[in-house]
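Colleague: I am new to this one. Please show me how to read it.

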Amino acid sequence: MAADTFLDGTSLTVEVRSDTSSPQTIVVAAAGEIDRDSCERVRRAVEETLHRARPRLISLDLAEVTFLDSAGIRTLLHCRRDAGDFGCDLEIGRVHDHVYQVLAITGLVDLFALGEKVVPRS
């Protein structure tokens, strides 16, 4: 996993891996904050995956993402569109409770075929 730390101290780690249960699925897992300073990292990971692996499905694992702002939402929408342009579906397989709330408020839960909701750790 590669991490970027930004001037404000936030960081984002993104990892791309194969889904062992489904050979045509690639998982893009992120941890940290997806905001205006870091969202391009997620988009690059999805874009590179589309060009390199040409999967049928990209499953975003956002279980470790604790913050998502409007730039992050825009990035998720761009990733979904880009995947569609390649004939690939994009879903959010796992999501942190904070991110789930943002997606619910914005009406995007159904659009991303949201899978498992993750409750924050105590």
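Colleague: Which residues of helix α3 are buried?

Modeller: A general idea comes first. An α-helix has 3.6 residues a turn, so residues three or four places apart point the same way. In α3 (residues 97-105), the buried residues are Asp-97, Val-99 and Leu-103. Buried means under 20% relative accessible area, with a 1.4 Å probe and protein chains only. Helices are DSSP runs of H or I, at least four residues; strands are runs of E, at least two; both are numbered from the N terminus. This is a predicted model: local features need pLDDT of at least 70, side-chain atom pairs count only at 80 or more, and totals for chains, interfaces and linings use all residues. Residues are numbered from 1 along each chain as its sequence is written, and side-chain values use heavy atoms, leaving out hydrogens and water.

Colleague: At what angle do helix α1 and helix α2 pack?

Modeller: Two packed helices are described by the angle between their axes and the distance between the axes. Here α1 (residues 39-53) and α2 (residues 70-85) pack at about 10 degrees, with axes 9 Å apart. Axes are lines fitted to C-alpha atoms over the stretch in contact (heavy atoms within 4.5 Å), and angles run from 0 to 180 degrees between N-to-C directions. The two helices are therefore roughly parallel, a label for angles under 35 degrees.

Colleague: How many helices and strands does the protein chain have?

Modeller: Three helices and six strands.

Terms used
Angles under 35 degrees count as roughly parallel, over 145 as roughly antiparallel, 65 to 115 as roughly perpendicular and the rest as oblique. Buried means under 20% relative accessible area, exposed over 50%, partly exposed in between (1.4 Å probe, protein chains only).
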